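Please keep the sequence and the model in view while reading.

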Amino acid sequence: IAVIPNFVNLADFYPATDQGCRSAFGPPGRRVVMHISNFRPVKRVLDVVRAFAKIRERVPAVLVFVGDGPDRPAAETAAEELGLLSDVRFLGKVDAVADLLRCADLFLLPSGSESFGLAALEAMACGVPVVATRVGGLPEVVEDGVTGALVPVGDTEALARKSLDLLTDAARFAATREACIESAARFSADLIVPRYEELYARVLAQ
């Protein structure tokens with residue numbers, strides 16, 4: 001069995017060079033927390049809303065949801081019930097997410113299951129730390145305490161606490177951001193795609 005990881009195109013996913021895009025989501029000084037998914041139950045988007053409620057108690061922040069799917073109405077309802085609607089943006093489906101990721105400070109991925117976690121890798125390539133669940137292939141992408149944090153599935157307290165650890169510590173946040181960029185480079189398409197090609201060639205030659 002040959003195991004080859006997924007990859008990210010670093011020509012598309014790269015860190016922001018300025019903070020200009022952040023103004024679209026609110027006034028200066030607010031942290032931008034982001035989640036991108038298809039809003040299926042396995043993505044646990046309600047955990048994102050609940051964790052954000054705890055984050056916002058300590059830090060001025062805005063939550064940006066990108067994507068659409070069956071659990072979006074429930075997420076909207078939860079945001080309204082928790083009094084968060086003024087600080088939550090539902091952008092719907094977006095074809096090019098890299099520009100949005102560059103606006104983020106933190107990426108939340110509290111999935112119940114993930115085969116690899118490509119969304120987390122794309123966030124890291126943009127210099128965005130990731131707080132995710134310790135499931136599936138996510139530990140292969142997110143190094144706990146280095147490029148973000150890993151928490152148990154369904155533990156919104158831990159999701160919020162680990163997020164705040166990053167958002168309230170400038171030195172830790174800066175170090176994590178740099179580690180994300182460095183780690184994501186290991187999954188560059190330029191490095192990984194040739195491994196697929198070599199495997200295909202070897203199989204065809206048999």
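This is a predicted model: local features need pLDDT of at least 70, side-chain atom pairs count only at pLDDT 80 or more; totals for chains, interfaces and linings use all residues.

**Overall fold**

- The chain holds eight helices and six strands, and read from the N terminus these elements follow the order β-α-β-α-β-α-β-α-β-α-β-α-α-α. The radius of gyration is 17 Å, close to the 17 Å that the globule rule gives for 206 residues, so the chain is as compact as a globular protein of that length.
- Taken along the principal axes, the box filled by the C-alpha atoms of the chain is roughly 60 × 35 × 30 Å.
- Among the contacts in the chain with a separation of 6 or more, 72% are accounted for by residues 24 or more positions apart.

**Burial, surface and charge**

- Of the 206 residues, 50% count as buried, a residue being called buried when its relative accessible area is under 20%.
- The chain exposes about 9900 Å², of which carbon and sulfur atoms supply 52%.

**Helix α2 and its two sides**

- Helix α2 spans residues 72-81, and its buried residues are Arg72, Ala75, Ala78 and Ala79. Seen down the axis of α2, these buried residues fall within an arc of 120°, so they line one face of the helix.
- The face of α2 turned away from that buried side carries the exposed residues Glu80 and Glu81.
- The cover over the buried residues of α2 includes α1, at residues 45-58, and β3, at residues 88-90.
- Just after α2 comes glycine 83, which takes a positive phi of about 70°.

- Most residues other than glycine have a negative phi.
- Phenylalanine 39 lies in the loop between β1, at residues 31-36, and α1, and with a relative accessible area of 0% phenylalanine 39 is buried.
- With a relative accessible area of 30%, arginine 44 is partly exposed, whereas phenylalanine 39 is buried.

- Phenylalanine 7 lies in the segment before β1 and counts as partly exposed, at 31% relative accessibility.
- Which residues is phenylalanine 7 in contact with, leaving aside its neighbours within four places in sequence? These contacts are with Leu118, Leu121, Phe187, Ser188, Ala189, Ile192, Val193 and Tyr196.
- Valine 48 is 41 residues from phenylalanine 7 in sequence, and the two C-alpha atoms are 25 Å apart in space.

**Two buried loop residues**

- Valine 59 is found in the loop between α1 and β2, the latter at residues 61-66, and at 8% relative accessibility valine 59 counts as buried.
- Leaving aside neighbours within four places in sequence, valine 59 is in contact with Arg31, Leu164 and Thr168. One of these, leucine 164, is 105 residues from valine 59 along the chain, while their C-alpha atoms are separated by 7.9 Å.
- Alanine 104 is found in the loop between α3, at residues 98-101, and β4, at residues 106-109, and alanine 104 is buried, with a relative accessible area of 9%.
- Not counting residues up to four places away in sequence, alanine 104 touches Arg22, Val32, Met34 and Val128. Lysine 43 is 61 residues from alanine 104 along the chain, and the C-alpha atoms of the pair are separated by 19 Å.

Methods:
Residues are numbered from 1 along each chain as its sequence is written. Side-chain values use heavy atoms; hydrogens and water are left out. Helices (H or I, at least four residues) and strands (E, at least two) are DSSP runs, numbered from the N terminus. The radius of gyration is taken over C-alpha atoms; the globule rule is 2.2 Å times the number of residues to the power 0.38. Buried means under 20% relative accessible area, exposed over 50%, partly exposed in between (1.4 Å probe, protein chains only). Contact means heavy atoms within 4.5 Å. Accessible areas come from the Shrake-Rupley method with a 1.4 Å probe; for residues, only the protein chains shown count as cover. The arc is that of the directions from the helix axis to the C-beta atoms.
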